[in-house]
Amino acid sequence: MKTSTNLLKNIIATSTLALCSLTAIGAQAGNLDVNFTQIDRPVGQLMVAIYDNAEAYNNEGKPVQYTTVEAIGDTVSISFTDLAEGTYALKVLHDINSNGKMDINAAGLPQDGYGFSNNVGMYGVPPFDAASFEVLDYAVIDVVVRKPVVL
């Protein structure tokens, strides 16, 4: 009886280990290339954040990945690697004066460029669902960087 119990435990442990290994193999990492276009002025920096859920996207959590790159032309391309397959949304701020935040004028209008995946959100931050896109093995998206509002 003791031998059959030990054999059963070994079979269960081996099966569990094999299942865990298959699950790890199935969780592939994806890559994302993003082309930021229509950058108004080649100064400052692009602050880019990628989110995998609505809560984080709505400033109730942290982005999955974040980077800052120089705005060196009217188009800037960057790559994100090691993203789990899934649904994401992206935000970009063209921080013209490199102060690390969006500047607004007295009327509350942005003085820095901005953009969202799917090029939604002309008047404010769009919902996560509207900005969301899928990353499987590899994805490419284009994001228009909207001009700052000048009065």
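Reply: Gladly! Let's start with pairing: two strands pair if DSSP finds at least two bridges between them. Keep in mind that this is a predicted model.

Me: What makes β1 and β8 a pair?

Reply: Seven bridges join β1, residues 29-37, to β8. The definition asks for at least two, so the two strands pair. They run parallel. Two of the bridges can be looked up by residue: D33 has V140 as its partner in β8, and T37 has V144.

Me: Which sheet do they belong to, and what is its strand order?

Reply: An open sheet of three strands, ordered β4-β1-β8, with mixed pairing.

Me: Why are β4 and β8 called edge strands?

Reply: Each of them, β4 (76-84) and β8 (138-144), pairs on one side only. From one strand to the next, the twist averages 20°.

Me: What makes one face of β8 covered and the other uncovered, residue by residue?

Reply: The covered face holds A139, I141 and V143, while Y138, V140, D142 and V144 make up the uncovered one. Going back to the bridges, V140 is the partner of D33.

Me: What makes a group of residues a nonpolar core, and how many residues does the largest one have?

Reply: The members must be buried residues of the nonpolar set, joined through side-chain atoms within 4.5 Å. The largest such core has 22 residues, and L32, V34, F36, L46 and L90 have the most contacts inside it. Two or more residues each come from β1, β2 (45-51), β4, β5 (86-95), β7 (133-135) and β8. The largest share, four residues, is from β4.

Me: How do you know that a second core is there?

Reply: A separate set of nine residues is found, including A56, Y57, F116 and F128.

Me: Which residues does F36 contact beyond its neighbours within four places in sequence?

Reply: Contact means heavy atoms within 4.5 Å. By that cut-off F36 touches L46, V48, D74, T75, V76, I78, L90, V92, V143 and V145.

Me: What share of the chain counts as buried, and why is that word used?

Reply: Buried means under 20% relative accessible area, and 34% of the 151 residues of the protein chain count as such. The chain exposes about 9,100 Å², with carbon and sulfur atoms supplying 57% of it.

Me: And how many helices and strands are there, and in what order?

Reply: There are three helices and eight strands, running α-β-β-α-β-β-β-β-α-β-β from the N terminus on.

Definitions and conventions: Residues are numbered from 1 along each chain as its sequence is written. This is a predicted model: local features need pLDDT of at least 70, side-chain atom pairs count only at pLDDT 80 or more; totals for chains, interfaces and linings use all residues. Side-chain values use heavy atoms; hydrogens and water are left out. Axes are lines fitted to C-alpha atoms, for helices over the stretch in contact, and angles run from 0 to 180 degrees between N-to-C directions. Buried means under 20% relative accessible area, exposed over 50%, partly exposed in between (1.4 Å probe, protein chains only). Accessible areas come from the Shrake-Rupley method with a 1.4 Å probe; for residues, only the protein chains shown count as cover.
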